Every structure is written in structure tokens, then in C-alpha cells.
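Biologist: I would like to go through the charged side chains here. Shall we begin with the model itself?

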Amino acid sequence: MTITPKFNFVEGSFDTKDVKMLCIADDNHGKIDLCIKEEGCGWNIPIGRIVLHSKNLYVDFKATMEDAKKLGDEIARRWNECNDKR
């Protein structure tokens, strides 16, 4: 399946059959992102964020960071192991 994102200063599309999913933890900015990585491309395309807290406080992010990272890694693992990506 071809996907065409709309980001500033970025053009192009990617095929879901040809990409890997990554979970990127950014402790400095207090976020855990699910990203698509196309082979040969140096840019990670953010497609989702894992949030396991209800307040927008860094202390709450830190308290849930490990579990959010584990959940993101599990989602990415399942995506990458799936053989039926249309």
C-alpha cells in the first residue's frame, strides 16, 4: 500500500511493504514516537505517539517511560514480523 505523507519540505511516498517500524524514545522532549523507516533513507517518519499518562507533565512521562517504550517496541516488533502488509 502506498502512503503519501504531507510534511513541510518533504515530498514523496513509501510502500508499507518496504518499511520498518521503530520506537524512538526522546527523554529530552518527553515523548515516545512510533516511526516508519524506509531503507536507504536517513529520516524517520513519525506516525504515532505512545502516551501512558493523562497530564502533560515531565514527571508523569518519566514515571511511565519504560512501560511506554516497551509497548512501542512490541507494536514495532509485530509490525516488522507481519508478512501481510498490503
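**Salt bridges and exposure**

Modeller: E74 counts as partly exposed, because its relative accessibility is 27%. Please note that this is a predicted model.

Biologist: Which side chain meets E74 in a salt bridge?

Modeller: The side chain of R78 does, with an N to O distance of 2.8 Å. R78 counts as exposed, at 56% relative accessibility.

Biologist: How are R78 and E74 placed in helix α1?

Modeller: They are 4 residues apart in helix α1, so about one helical turn separates R78 and E74.

Biologist: Which residues are linked with them in a network of salt bridges?

Modeller: The network links E74 and R78 with R77 and E81.

Biologist: What about K70 and D67?

Modeller: Their side chains form a salt bridge as well, at 3.5 Å from N to O. K70 and D67 lie 3 residues apart in helix α1, which spans residues 58–81, so they too are separated by about one helical turn.

Biologist: How accessible is K70, and how accessible is D67?

Modeller: K70 counts as exposed, with 53% relative accessibility, whereas D67 counts as partly exposed, with 46%.

Biologist: Turning to D33, is it buried or exposed?

Modeller: D33 counts as buried, because its relative accessibility of 10% falls under the 20% cut-off.

Biologist: Which side chain meets that of D33 in a salt bridge?

Modeller: That of K31, at 3.8 Å from N to O. K31 counts as partly exposed, at 24% relative accessibility.

Biologist: And how many salt bridges are found in the whole structure?

Modeller: The search of the whole structure finds 8.

Terms used:
Residues numbered from 1 in each chain as written. Predicted model: local features only at pLDDT ≥ 70, side-chain atom pairs only at ≥ 80, totals over all residues. Heavy atoms only, no water. Salt bridge = Lys/Arg side-chain N within 4 Å of Asp/Glu carboxyl O. Buried < 20%, exposed > 50% of the residue type's maximum accessible area, 1.4 Å probe, protein only. Helix = DSSP H or I, 4+ residues; strand = E, 2+ residues; numbered from the N terminus.
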